[in-house]
Structure formats: C-alpha cells, structure tokens
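Please read each point alongside the model.

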Amino acid sequence: MDAFFALAHGVTVAIQPMNLLFALVGVLLGTAVGVLPGIGPALTVALLLPITFKLDPGGSIIMFAGIYYGGMYGGSTTAILINTPGESASMATALEGNKMAKAGRGGPALATSAIGSFVAGTIATLGLAFLAPTLVELAVKFGPEDYFALMCVAFVTVSATFGDSPVRGLTSLFIGLALGLVGIDRLTGQARLTFGVPELLDGVEVTTLAVGLFAVGEALYVASRRHIEEEVLEPVRGSLWMTKQDWKRSWMPWLRGTLFGFPIGALPAGGAEIPTFLSYSTEKRLTKYPEEFGHGAIEGVAGPEAANNASAAGTLVPLLALGLPTSATAAMMLAGFQQYGLNPGPLLFAERPELVWGLIASLFIANTMLLVLNLPLVGLWVKLLAIPQPWLYAGILVFATMGTIAAKPSVVELTMLGAFGVLGFLMRRFDYPIAPVVVGLILGPIAEAQLRRALSISLGDPMVLLQSPISATLLAIAAIALILPFALKGMNRFKAQED
Amino acid sequence: MSQYRKGFWRGALAAAAVAGFATTAMAQSELKIMAPAAPGGGWDQTARSMQQALTTAGLAKSVQVTNVPGAGGSIGIAQFVNGAKGDGSQLMVMGYVMVGALLTNKSPVTLDQTTPIARLTGEYEAIVVPADSPIKNAKDLAAAVKADPAKVTWAGGSAGGVDHIAVALFAKAVGADPTKINYIPFSGGGESLAAILGGKVTAGISGYGEFESQIKAGKLRLIGLTTPKGTPDMPSLKEQGVNLEIANWRAVVAAPGISADQKKALSETIDKLAKSKEWAEILKQKGWDDAYLSGDAFAKFLAEDTNRTKEVLTSVGLVK
C-alpha cells in the first residue's frame, strides 16, 4: 500500500497550478512536434533543456513527460489522415487508419486512437507505479539470445502485414532486410553497402523510408491515376463519432495492445515498433471481420495505438528504476534529470520520492489533458480531408520534405526520400505491400546484432538459444505460430476429403 | 536547417531572455558551434553547455548551436571543413570518439585540416563487474584475460570507440593478445548496462558517470578507473598494476584557414569560458572533469592521441 500513499502524495504535487501549466505546455508542444515527421519529442526536449535550466526541476521534468506522451498522440493523427507516420511507431496505425479515413471514417479512427491511447496510457502508468521494481528485475534478465527469439516471433507474425500474397509480402520484406544491411556493421565497425557515400554510414533512417514509401509514394500514385479515375474522398460518412459497434470492436484491442506495449516497452532494447506490429497481427488473426483488414478495420487502429502509448510508459520503467534510457526521448529526459543533479536509478525512488511520484501522477494528468484536447479536435482534423486532392497532396509533399530535412539536413537524405517515393509508387502500381519493407528495415538489424552478440558471448555455441528459458519459450511460440496455420489448413483439407 | 527550427530557436532564445538569461552589455561577438552529432549526445550537450555559459557569462552576444549527425562525426567534420573555411566565428565540438571514427570510416577529411583550439572536458573510463561476480579486483580480471582473452566478454559502446580501445589496451597491458579480445558493442549506454546487470557478460566498460548510481546501490562492483591516481573508494587500474590510462575527452576546434588574429580571438574567448564560474558550475552539474588544455600543448596532445589510437585500432583489426 506504500505505493498507493506515495501516489496520492504525488497527485498533490502534480495538481499544483504551476505543474498543471507545465504539463499543459508539454502536451501542446508534444502534439505539435509529433505531427511533423522528423521532428520528434527527443529533439524538442533537447532544445528546451537550456531554457528549463533555471526552472523548478519538478515542473520541467513534468513538462518533458507531457512532451513525450503528446508526441505519441500527434504522430498517429498524421498517420491516419494523410498516411504520413510522424514516427516509426505510428506505421501500423497508418495501415488501417488511413483506409478508414479515406472511407469517410476518419472520425472514428481518430477517436479510437485517442481513447485507446488514453486507456493504454492510464493502465500502463498504473503498471509503472506498482510494477516498476518487479518488471525491471525481469527486463534485465533479457539477454541478447532472448531478444533474438523475440525478433523471431515478430518476424513470424509480420506476415499479417503481407496483404493477400505471401510471395509479394516476402519480396517486400527482403527489400527491407537488404536496406537494413546498409551502414556500419554494429559489431565489427566495418562499412557495408555504403558505396563510399559517408551519409550512408549510419544506415537508412526509418522515418525517411516510411515517409517516402507511404506519403511520397502515395502522392505520386494518386497523381498518376488522376486522369484515369478520380478517387472521391468523403470527409465524413456515417457518424463522426464512434458508434456502439465501434466501441464493441475497440475495447479488447485496446487492452491487448496495452499488454503488448507495456512489457516490451520496459525491455531495454524493446522499443515501440515491435509491440505495434505484434498487436496489429494479433488483431488481424482474432477479428470477426477479417475481410475488412486492408480496407479500414477499426481493430487495426485501436490495437497498435494502444500498444504505442503503453510502450511509452514502459520506457519510463528502466529510466526511473535503473537510470537506463532506452529511447532517444528517455535519454534526453535523463539529461534533464542530471541537469538538476538528480541521478535516476535505484536510489531515486528512495532519495526523491516526491519527484518520482509527482512525475507519475502528472503522467495521468497529461494523459487526461491529451484526451480532452484531442477529442474536440477530431471534427476539425477530418476537415483536412475536404481539401481538394491536388492541394492536399502538394501539402503532404512539402510536409514530408520539411520533416526529412529537419531531421537530417543533407542532400543525400532528400535524394533517398525521393527514391523511396518512386519505389513506393512502383510497389503500389504493381500491387506489392509496402509495410513489410519498413518492418524489415527495423527488425533486420536488431535481429542480426542480437544473434551475433548472443553467439559472441557463448563463444560460438548455438545451444545458447535453447538454454535460456525465455528464449526457448519464445522460439517455441514462433515455431507454433509458423506451423499452426499450415497444420490447420491440412486438417481442413483432410476433413473436406472425408466428407 | 529548416525554417521551422530556426523559428523554433528564435522563440527559444526569446523565451530564454524572458526567463532571465538576458546577456549583459559586455557581449562582443556572435558564434556558431557545430555539434557533429544528434541532439542529446555528449557532443551536443557540450555544445549547448558552452552556449549557455558563453551567453550567461557575457562572453558572446549570441551563440547558435547546429547539429550535423552521422557516422561518429565524419559527416559533421566534412561539412565543417568545407563550409566554414576562413570563418573565425565558427567552432566545432569534437572528442576522442571522432579520432577513432575518422580512422575506421576512412574519412577523406582529417583533424589535421581543422585548427585545434582547446580540450575542455574529460571523463575517465570505469571497468565494472556484476556484484555477484567472482572477480574482485583488477588482478583477478587481469588473470582471467591473460588465461584466455576470448572467454572474458566485455560490454561497451560502439565498435572502435573509446571503450573498445580501452579494452584492447587492457589486454595489451596485462600481456594478452589484443586481437583475441571478446568485445561486444552495444548501441547506447542503457543496453550495455542492462547486459552487465543481467550478468550476461564478464565485465563492462564505460564512462564512470554511466555506472555511478549502480555502484552506489551495490549492484555493480567497480574494478578500477583509467585515471593515473585513484582514491581508496575508487581505485585506479594503474595502482593495481595494470598500466592503462585513457580518458574520453571533448574539445573544440576552429575552421581551417583562419588568420592568426582570428585564432587568437577564439582562443581567448574559450580561455575565458574555461575559467568562468558559469562553466565550473556546469562541469559540476554534469559530472565532467575539467581537462582544459590549450594552444600548442593541445595540438601536440591531439597528434599523439591520434597516433596511439591508430596503433590500437590496427592491432585489433579495425583499421588496415
């Protein structure tokens, strides 16, 4: 019950008017930068650090947390409305969300994402408050071999993003895996596939690829079809708000998404992307409306959005409990803590409880503020879709270019954006799914590095993959997930023959 | 840099002025500092701390920080050398990691092309083991490395970085073959710290600050620091018979082709910065050690460290 009293005390810290104001400024800034691709919460916190230097430590850390949560919200708005994921974690949201928006269901898509984020953020923050110490013990036990096994599970389940043809899906995935090889090899420091271009040494930026394939590719595709058949976008068809059925179809994905997002976010190398993919593929498997997937299924928005926000809270577990920054934003928040001479870690909970619990309490408040801010804006956002198509897509192109240059001011980066745009156009034209390319780029390098680390530690013995209980379990799950669909298909055929 | 960020900066500076950071009338010059890394890292923090101290101490009227991330600074230095030539108002933050990165990336641009100004900060490396490890001190670790370097796994930062070089030097110092070390690079301190805490590796190496709170909480045991002299609580490796001294330093350099007067003016500004109480306060907050070294002494140090690094990187097979 100690945690409960501490939390109650934290609430009294967080609802001081000044701290409320900091939280509000934080969520507003966060939403604004989340909307712009390339300018993420990490950069914003970095820019604000020197300014907040003389402010009260509690207040500015609360503001940073608001920026972090706000960024997660903002990224999904553009993903749904204009198919431009503000960050890689919003990619899964764009898959179904943008289809919904095009079918006039942008309102419910934005609403389920806002409410889902709220639900997931609230549950995950509760998890942060009560489970952090236990979870951290578990998270630290996760070794390279276990991460590799987790990647295997992710690889098996991404087939859900493949669309209808496995061959086309695998082709896309392998394009992504090949792009993932570009750059300095993390284990030996040698350059691979960089062709002497120094900008390629750091590899292909995920946001550049995602924005190029999704946004630029789509703009080119729409332009090419314009004289053949004009797609008429209806900003609103049916209700602007979620119907009773939407609620019914959303609540389970929210909870499942949270269950994926929070624990994986708490893993030091877990990240936000993997839980969103896992959530997407789970929802696709479990849905009662499989025919809607690929054409705007609300479960495909609700689940990944919840997973995305829950993982944001998960990231704070190792940050607060161990002082481990596991994302760029968390690293900036750590720098923020250190600026005030505070060292997050095992001692912070004991030494400065009012600060830790004030932060956790203000996460609840930031979450509520985001919901209150975002729901009324839904009606305004969907009006964006009423903009005539040529204007809208021209705007998207400007937006995508600006975001890319802001993240990495270089000609090479812009050229890549253009090249990925053309690739996205061709893939759409010839009916190849684009999501697996991005999935390959994200998962490929992690899987490779973790496998090689595991083998390096075990002095080359592959049995290490089966000796760790976590890894063995995850590999078994991956194997079952791989074989089960075939086995079921075989059984059905067998049954059909008997009839 | 996009209009958006420029706008953002102006807003930020205005806010800073409102918040009571307004510079005094003493300010004379405008400076541009490039951090050849993404926001948030050590070089970026150094650049932004310099900005803060230079303006609050009234040593510069305005200071603008730009970020050019990529490949351990290789991208930034290329842009700096080509774009700032002869410009006496531009500085670039750099550090030991860049020395190694330029070598491993076979960068066409080298540090010789810049004008060295001063070394500012340094952080010593710390070697730690999990609290329940049988290894108690540097002697035990040295014996294990000597017995079979491949069986001792090390977690640290990127390949070819200061952590990697320190491990190679450790092997060399105890008489083991540095080409046989089993060094496992992790991206970012968080991930390697988790691997050490989880007991996945024999030992870990990084800047002391990275491990401080874990050591105090009793979860990690400090084996030794790469300082010349330690304290009873914090022994140095050297005092324990392992002849290894290395620091992850950060410095500023100016553009190529600047005049002697321009160099003098910049050196004087940085000298005043290094001796200001504002800078001292920042060093204390961030836990950075003052490693101020300027003029010819710094140029000599830079050349020496580059040579030593080249030798080590060649011996571990990263530079051919």
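1. The crossing of α8(A) and α18(A) is right-handed, a crossing being right-handed if the near helix is turned clockwise from the far one by less than a right angle, and left-handed if anticlockwise. Helix α8 of chain A covers residues 166-180 and helix α18 of chain A residues 435-457; the two pack at an angle of about 45°, with their axes 7 Å apart. α8(A) is therefore oblique to α18(A). Angles under 35 degrees count as roughly parallel, over 145 as roughly antiparallel, 65 to 115 as roughly perpendicular and the rest as oblique. Axes are lines fitted to C-alpha atoms, for helices over the stretch in contact, and angles run from 0 to 180 degrees between N-to-C directions.

2. This is a predicted model, in which local features need pLDDT of at least 70 and side-chain atom pairs count only at pLDDT 80 or more, while totals for chains, interfaces and linings use all residues. Residues are numbered from 1 along each chain as its sequence is written, and chains are lettered from A and ligands numbered from 1 in the order in which they are written.

3. On the α8(A) side of the contact with α18(A), the residues include Gly169(A), Ser172(A), Phe174(A), Gly176(A) and Gly180(A). Those they meet in α18(A) include Pro436(A), Val438(A), Gly440(A), Gly444(A) and Pro445(A). By class, the contact of α8(A) with α18(A) comprises 11 nonpolar, six polar and no charged residues. Here Ala, Val, Leu, Ile, Met, Phe, Trp, Tyr, Cys and Pro count as nonpolar, Asp, Glu, Lys and Arg as charged, and the others, Gly among them, as polar.

4. Another pair in chain A is helix α6 (residues 106-141) with helix α12 (residues 299-322), packed at an angle of about 30° with axes 6 Å apart. α6(A) and α12(A) are therefore roughly parallel to each other, and their crossing is right-handed. The contact of α6(A) with α12(A) has 22 nonpolar, nine polar and one charged residues.

5. Chain A has 20 helices and two strands; helices (H or I, at least four residues) and strands (E, at least two) are DSSP runs, numbered from the N terminus. Among contacts in chain A between residues at least 6 apart in sequence, 81% join residues at least 24 apart. Two residues are in contact if their C-beta atoms, placed from the backbone, lie within 7 Å.

6. Ala272(A) lies in the loop between α10 (244-266) and α11 (273-286) of chain A. Ala272(A) counts as buried because it has 25 C-beta neighbours inside 10 Å. Beyond its neighbours within four places in sequence, Ala272(A) is in contact with Ala89(A), Gly265(A), Asn308(A), Ser311(A) and Ala312(A).

7. Chain B has 11 helices and 10 strands, and 54% of its 320 residues count as buried. Its domain assignment, from an automatic or database source, gives domain 1 (3-122 + 249-315) and domain 2 (123-240). The contact takes 14 residues from domain 1 of chain B and 10 residues from domain 2 of chain B. On the domain 1 side, α4 (96-104), β4 (115-130) and α11 (295-315) of chain B each give two or more residues, and α4(B) gives the most, with five residues. That side has six nonpolar, seven polar and one charged residues.

Technical notes. Buried ≥ 20, exposed ≤ 12 C-beta atoms within 10 Å, placed from the backbone.
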